[in-house]
Amino acid sequence: MIIFEGNINSVDFDIIEEQIEYDKDMMIDSVIMKVCKNKYVNTENKDVANVSYGRLVMVTRGELNRFFIPDEKNIKMRLSRLVTLGYILKDEKFNSFKYIP
């Protein structure tokens, strides 16, 4: 239980909310990367080490459900960010993602 002492204005709450959203985004990123990397490491033929979009959504929600349940829009946004940064590769043909070592 958190007990707040003194006056806390709305600016403090905004800062806290921003930090919470940032932490949630980092948790989503880490689960996505963990799933993609595990698939890559545990597959002998690295060319077929893709993880489907549906599986990523399902596993991400399953891993994070004790903290919060991310919506599909947020997961999709985080996936596109990871693709842009070059951490994973998107296969448009099969709508799947692959870890880039």
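Is Arg81 buried, partly exposed or exposed? Arg81 counts as partly exposed, because its relative accessibility is 33%. The scale here calls a residue buried under 20% relative accessible area, exposed over 50%, and partly exposed in between (1.4 Å probe, protein chains only). The model is predicted, so local features need pLDDT of at least 70, side-chain atom pairs count only at pLDDT 80 or more, and totals for chains, interfaces and linings use all residues. Residues are numbered from 1 along each chain as its sequence is written, and side-chain values use heavy atoms, with hydrogens and water left out.

Start with the overall layout. The chain has 3 helices and 3 strands. Both kinds of element are DSSP runs, numbered from the N terminus: helices are H or I with at least four residues, strands are E with at least two. Along the sequence the pattern reads α-β-α-α-β-β. Of the 101 residues in the chain, 30% are buried.

Now the charges. Side chains of opposite charge can pair when their charged atoms come close. A salt bridge here is a side-chain nitrogen of Lys or Arg within 4 Å of a carboxyl oxygen of Asp or Glu. The structure holds 5 of these salt bridges.

Return to Arg81. Arg81 forms a salt bridge with Asp29, with the closest N and O atoms 3.1 Å apart. This pair links distant parts of the chain: Arg81 is in helix α3, Asp29 is in helix α1, and they are 52 residues apart. Asp29 counts as buried because its relative accessible area is 6%.

Glu63 forms a salt bridge with Lys34, and their closest N and O atoms are 3.1 Å apart. Glu63 lies in helix α2 (residues 53-64) and Lys34 in helix α1, so the pair ties together parts that are 29 residues apart in sequence. Glu63 is partly exposed, because its relative accessibility is 33%. Lys34 is partly exposed too, at 38%.

A local pair sits within helix α1. Lys24 forms a salt bridge with Glu21, where the closest N and O atoms are 3.9 Å apart. The two lie 3 residues apart in helix α1, about one turn of the helix. Lys24 has a relative accessible area of 25%, so it is partly exposed. Glu21 is partly exposed at 41% relative accessibility.

Lys24 has a second contact. It lies over the face of Phe68, at 5.1 Å from the ring centre. A charge sits over a ring if NZ of Lys or CZ of Arg is within 6 Å of the ring centre and within 35 degrees of the ring normal. Lys46 likewise lies over the face of Tyr40, at 4.9 Å from the ring centre.

What makes up the nonpolar surface patch? Phe13, Ile16 and Ile20 form it, over about 250 Å². Patches are made of residues with over 30% relative accessible area and no salt bridge; like charges are joined within 9 Å, nonpolar side chains (Val, Leu, Ile, Met, Phe, Trp, Tyr) within 5 Å. Areas come from the Shrake-Rupley method with a 1.4 Å probe; for residues, only the protein chains shown count as cover. Ile20 is found in helix α1 (residues 10-41). Ile20 counts as partly exposed because its relative accessibility is 42%.

Move to the strands. Strand β2 (residues 88-91) and strand β3 (residues 96-99) run antiparallel, joined by 4 bridges. Two strands pair if DSSP finds at least two bridges between them. Asp91 has Ser96 in β3 as its bridge partner. The hairpin of β2 and β3 has 4 residues between the strands.

Asn95 lies in that loop between β2 and β3. Most residues other than glycine have a negative phi, and most peptide bonds are trans. Asn95 is not a glycine, yet its phi is positive, about 50°. At 36% relative accessibility, Asn95 counts as partly exposed.

Ser80 is partly exposed, because its relative accessibility is 40%. The C-alpha atoms of Ser80 and Lys90 are separated by 8.7 Å, and the residues are 10 apart along the chain.
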